[in-house]
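Below is a short briefing on one protein chain. Please read it with the sequence and the 3D view side by side.

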Amino acid sequence: MRSGPPAFDGRVTPPAARILGRRTSLGQVRLCNRGGRSPDGQSPEGVGSCGRGNWGRHQAMFRKTGLAITASLLTLVVAQGAAAAEISAGKLKSLKADAVAGVESRAKLAQVMNDKIFSFGELGFQEVETSAYITKVLEENGFTIQRGVSGIPTAWTATWTHGQGGPTIALGSDIDCIPKASQKPGVPWHDPIIPGAPGHGEGHNSGQAVNVVAALAVKDLMVKQNIAGTLVLWPGVAEELVAGKAYMVRDGVFKGVDATIFTHVGANLQTTWGQPSGTGLVSVKYSFHGESAHSAGAPWRGRSALDAVELMNIGWNMRREHLRPEQRSHHVISDGGDQPNVVPSEATVWYYFREQTFDAIKKSWAIGDKIAKAAADMTDTKVSSAIVGTAAPRHFNRPMAEAAQKNIEQVGLPKWTEDEQAFAKAVQKNVGSTKQEGLDVKLKGLKPPEEKPESGGSDDIGDISWIMPTITINYPSNIPDLPGHHWANAISMATPIAHKGVVAGSKVVAMTTLDLLTQPKLLADSKAYFTNVQTKDQKYVPMLSAADKPQTQMNANIMATYRPEMKAFYYDPDKYGTYLEQLGIAWPVKTLTPPAAAK
Ligand SMILES: [Zn+2]
């Protein structure tokens with residue numbers, strides 16, 4: 001067995017941080033990113049502008065006079081001297097108006113990114129096209145890309161710095177999708193693009209569009225207004241397996257970051273502070289090793305690993321009654337043997353143990369280990385276990401959430417058309433939602449956290465929320481009251497509903513990033529909350545040991561099966577205005593009732 005839950009030694013172990021250290025290094029400030037903006041946000045910004053602007057001319061001149069180094073430093077000092085300083089309320093207001101305009105001017109880029117990632121439909125650890133595409137957009141816009149972080153081929157950071165001494169703000173969002181959730185967008189009943197293929201039945205195709213567009217709008221203003229700071233974008237890889245972020249935290253990827261704004265699709269424009277509803281979890285695979293034999297000829301010679309899996313499941317399901325009602329646990333048999341006439345010598349069951357505190361998660365995990373061991377004893381098999389990933393219970397930052405809330409109220413929910421509302425209600429009706437009220441038209445507002453948060457899902461943003469001030473901003477790209485992790489949750493995700501939600505979310509992210517970059521007091525308050533309130537009595541409890549490795553081979557077989565067919569449906573924005581157009585789906589949708597065969 002894997003060593004089981006590691007004892008907490010009170011430390012986060014960041015090995016040599018190598019990604020974000022550049023921000024204080026004078027030599028790496030790149031003035032050449034100052035020019036070359038394009039108003040539609042479609043063409044690269046910054047790249048290629050080296051040599052066109054003053055920096056290029058100065059360099060040529062300095063080279064001639066032999067004063068390059070001294071003069072360059074002088075130029076940097078003069079041009080970059082203004083580090084983050086509190087700016088007036090009036091000035092901030094006008095900056096935010098510019099940021100909103102910067103996002104609106106990139107609505108096309110938002111739609112293209114959203115639709116393209118939707119069409120890639122890649123499962124956790126296999127987000128190859130998605131990551132290649134997003135990093136290309138960022139690289140073309142002057143960001144420095146670090147690929148393959150934490151030994152995960154599809155994980156990366158994209159960093160861009162202006163000036164010296166400013167804060168480092170990270171923007172993150174998940175990118176993976178859901179097995180068997182392939183679905184045509186804009187069709188309000190089950191109609192897969194490719195039956196059995198994965199699809200964005202969680203809406204993770206939208207968050208990077210939110211972040212990239214916000215970052216580009218903010219980047220423009222940082223240059224124009226000489227605001228010092230660093231922007232870092234990163235993807236939540238394999239979030240559905242909660243198998244990415246805790247590794248990135250363990251490996252020090254976020255070292256040097258002052259605060260994180262995480263974005264996640266939702267049905268409203270909202271944020272929270274404190275512990276939200278939901279759970280943290282540990283995701284563990286138990287593999288049993290027995291002895292094969294002819295199932296009919298010599299069954300007494302076999303030791304069935306599948307028997308052990310079944311006994312473990314029976315044991316856990318009995319024990320379930322005697323666990324806190326807040327716990328959530330589920331399993332799938334990821335390997336149940338090969339064929340009935342061969343006694344299965346190998347079998348694997350994969351568990352998610354969810355609870356609301358670090359201690360309770362570790363307790364459930366220890367019970368799981370004990371039951372696995374007992375099942376192995378009963379069947380004379382052996383058991384080993386491997387951790388797939390973890391998600392810490394989340395805790396979000398109050399000052400950051402309050403600042404974001406003000407921006408949320410200013411931006412407001414998108415204006416939905418009657419057609420969009422009729423469409424949303426049809427989807428709700430077709431999947432049997434209890435509420436069939438269409439899209440949200442009222443902001444939910446910022447509430448203090450529940451004293452006893454309800455149970456529910458997890459997100460490994462939790463791990464990041466325990467190492468720095470962090471909030472999640474939800475934006476309204478999906479339809480309320482759908483099952484979640486389901487093809488229905490993909491239906492809106494490449495339609496104008498998603499596009500409008502992405503733009504609204506992007507405005508809030510851009511405005512909140514500006515708050516953090518230009519108001520040292522806000523950042524100081526956020527850090528004070530993190531230190532004096534959030535982590536006063538409870539510190540981060542990492543669940544990964546130094547030996548645990550990201551299981552990057554997961555989902556490779558499924559993608560190998562479906563990717564060739566899916567490629568024919570990748571969105572081509574050069575040929576089609578939208579993905580709906582490419583698929584030949586008219587918008588607004590007129591037929592809202594499924595044909596009898598589709599029910
Ligand atoms: Zn998610």
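D380 is exposed, as 12 other C-beta atoms lie within 10 Å; the class needs 12 or fewer such atoms, a buried residue has 20 or more, partly exposed falls in between, and C-beta atoms are placed from the backbone. This is a predicted model, in which local features need pLDDT of at least 70, side-chain atom pairs count only at pLDDT 80 or more, and totals for chains, interfaces and linings use all residues. Residues are numbered from 1 along each chain as its sequence is written.

- D380 lies in the loop between α9 (358–379) and β10 (382–391); helices (H or I, at least four residues) and strands (E, at least two) are DSSP runs, numbered from the N terminus.
- Phi of D380 is positive, near 55 degrees, and the residue is not a glycine.
- N226, also not a glycine, has a positive phi of about 55 degrees and sits in the loop between α6 (207–224) and β4.
- N226 counts as partly exposed because it has 15 C-beta neighbours inside 10 Å.
- G432, which follows α11, has a positive phi near 70 degrees.
- The peptide bond between W587 and P588 is cis, with omega about 0 degrees; P588 is in the segment after α16 (579–583).

**The chain as a whole**
- The chain holds 16 helices and 11 strands.
- Of its 599 residues, 52% count as buried.
- Among contacts between residues at least 6 apart in sequence, 83% join residues at least 24 apart; a contact means that the C-beta atoms, placed from the backbone, lie within 7 Å.

**The seven-stranded sheet**
- An open sheet of 7 strands runs in the order β1-β2-β4-β3-β5-β11-β6, with mixed pairing; two strands pair if DSSP finds at least two bridges between them.
- β1 (144–147) and β6 (270–271) are at the edges with a single partner strand each, so one side of each has no neighbour in the sheet.
- Strands β3 (residues 168–174) and β4 (residues 229–236) run parallel and are joined by 7 bridges; I169 has L231 as its bridge partner in β4.
- Strand β5 (residues 259–266) is parallel to β11 and linked to β11 by 7 bridges, with G266 opposite P476.
- β6 is antiparallel to β11, with 2 bridges, and Q270 stands opposite N474.

**Strand β11**
- In β11 (residues 470–476), 7 of the 7 residues are buried, so the strand is largely enclosed by the rest of the structure.
- In a regular strand the side chains alternate between the two faces of the sheet.
- Both faces of β11 are covered, with T470, T472, N474 and P476 buried on one side and I471, I473 and Y475 on the other.

- α11 (residues 418–430) has 13 residues and reaches 18 Å from its first C-alpha to its last, close to the 18 Å expected at 1.5 Å a residue; the expected span is 1.5 Å times one less than the number of residues.
- Buried residues of α11 include E420, F423, A424 and V427, and α13 (496–518) is part of what covers the buried residues of α11.
- The 15 residues of α14 (residues 520–534) should span 21 Å, and the end C-alpha atoms are 20 Å apart, which agrees.
- In α14, the buried residues are L522, L523, S526, Y529, F530 and Q534; their cover includes β5, α10 (398–411) and α13.

Note on methods: Two residues are in contact if their C-beta atoms, placed from the backbone, lie within 7 Å.
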